[in-house]
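Me: Hi! I have a protein model open and I'm new to reading these. Can we go through it together, one bit at a time?

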Amino acid sequence: MGQKENNHDDNNEEVERRGQQSNKKRKRKEVAIFGNYRNYYGYRVGQDLEEDPRLKVLKKEWFEGKDCLDIGCNNGTITITIAKNFGCRSILGVDIDGDRVQDAYWNLRRTVKTNTRKIPPKTSKLEDAGGVNGVQNSVTNLETEETRESLMNCSSLQGKDLLNIVTFRKENFVQNWWPPEDKCYHTILCLSVTKWIHLNWGDDGLITLFAKIWKLLQPGGILILEPQPWQSYYKNRQVSEMAQTNYHNIKIYPDGFQEILLDKIGFRMVENITSRLSGSKSGFDRPILAFWK
Ligand SMILES: C[S@@+](CC[C@H](N)C(=O)[O-])C[C@H]1O[C@@H](n2cnc3c(N)ncnc32)[C@H](O)[C@@H]1O
């Protein structure tokens, strides 16, 4: 009997150990099926670059005083930098992954803090509100009377402006989301997102994306599009069963996006703006196209 009990305990320990190992493996193998990488900018921008080189090809006039939308904003790095450098009237970042949206709010808070020259000491509670992982997911946390008042009272305009200008939302852009009150945008960014929408929702998803962008743009508005090349789909084709099926059924290739956007969707003009981007680190050598509605 004693022997049996010992065996039983040993078995339980073994099962637990295997469970822990497979948990570790699962954690290590976390697959970003939407391109929702946690450390996307660490990988793309690298140690040797201070700023995302794509920003160099964007013109201030496309954003200054404008209402903007960033589809697939990830952790908000580009969204916040554009708001800060170019002075948007508003910019909304949407991402399908709620964790990335939380990261984006965390980055927004950090940027506000560093751009706010004098914050009264009690505002340091803002940092505490970041929780153990430094992550709090909603702007409501920033809007507690205390923190908002402190930020509004500070001498730097930039801090309080950013809070009013930048917002993030967790949304699946190609499925159910529409902005409130028929809002339209002057400028829409869709950078390195088409592959993920294409793999997850196929050609239909891609056309939905393009048609929805067109509808959301004001007349004269601009779409800044950075499509991933077809060769890059191969390595991600197995992120899910759906992606695998879609990969084999795709009939619209990235080389044909420009024609579809001009001839079928209705954009009137396109410019390849990447010719201005020289000497960039690999990974940023994809063409970036600007389309005018
Ligand atoms: C590779 S990242 C690109 C991030 C950023 N646009 C850039 O270029 O720096 C793609 C992002 O698109 C998001 N995404 C993919 N499908 C989406 C969808 N249907 N709706 C909203 N976001 C989506 C992912 O979660 C991910 O954060």
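Predicted model: local features only at pLDDT ≥ 70, side-chain atom pairs only at ≥ 80, totals over all residues.

Me: How do β6 and β7 run, parallel or antiparallel?

Reply: Antiparallel, and 4 bridges join β6 to β7. Strands are said to pair if DSSP finds at least two bridges between them.

Me: And which way do β5 and β7 pair?

Reply: β5 and β7 (residues 289-292) are antiparallel as well, over 4 bridges. In that pairing, Ile222 stands opposite Trp292.

Me: What order do the strands of the sheet come in?

Reply: The sheet is open, has 7 strands and reads β3-β2-β1-β4-β5-β7-β6, with mixed pairing. Its edges are β3 (166-170) and β6 (269-272), each pairing on one side only. Neighbouring strands are turned by 15 degrees against each other on average, direction ignored. Those angles come from lines fitted to C-alpha atoms (for helices over the stretch in contact) and run from 0 to 180 degrees between N-to-C directions.

Me: How many bridges join β2 to β3?

Reply: There are 5, and β2 and β3 run parallel. One example is Asp95, whose bridge partner in β3 is Lys170. Helix α4 packs on the sheet here, touching β2 and β3, and its direction makes about 165 degrees with that of β3. Another helix, α8, packs on the sheet by touching β1 (67-71), β4 (185-191) and β5 (217-226), and makes about 170 degrees with the direction of β4. Contact here is counted when C-beta atoms, placed from the backbone, lie within 7 Å.

Me: Back to α4. Why does its span agree with what a helix should have?

Reply: At 1.5 Å a residue, the 18 residues of α4 (residues 98-115) should span 26 Å, and its end C-alpha atoms are 26 Å apart, so the two agree. The expected span is 1.5 Å times one less than the number of residues.

Me: Which residues of α4 are buried?

Reply: Several, including Val101, Ala104, Tyr105, Leu108 and Val112. Buried means that 20 or more other C-beta atoms lie within 10 Å of the residue's own, exposed means 12 or fewer, and partly exposed is in between, with C-beta atoms placed from the backbone. Across the 293 residues of the protein, 32% count as buried.

Me: New topic: why is β1 called largely enclosed?

Reply: Because 5 of the 5 residues of β1 are buried. Asp67, Leu69 and Ile71 cover one side, while Cys68 and Asp70 are on the other. β1 is joined to β2 by 5 bridges, running parallel, and Leu69 stands opposite Leu92 in β2.

Me: What about Thr187, is that buried or exposed?

Reply: Thr187 counts as buried because 25 C-beta neighbours lie inside 10 Å. This residue is in strand β4. Leaving aside residues up to four places away in sequence, Thr187 touches several others, among them Trp62, Cys68 and Ile222.

Me: Where is Glu181?

Reply: Glu181 is in the loop between β3 and β4. With 5 other C-beta atoms within 10 Å, Glu181 is exposed. Its phi is positive, about 50 degrees, although Glu181 is not a glycine. As a general point, most residues other than glycine have a negative phi. Asp182, in that loop too, has a positive phi near 50 degrees.

Me: Last one: which residues come nearest to the ligand?

Reply: Of the 21 residues around the ligand, Gly35, Asn36, Gly72, Asn74 and Leu191 come nearest. A residue is near if its C-beta atom, placed from the backbone, lies within 6 Å of the molecule.

Methods:
Residues numbered from 1 in each chain as written. Helix = DSSP H or I, 4+ residues; strand = E, 2+ residues; numbered from the N terminus. Contact = placed C-beta atoms within 7 Å.
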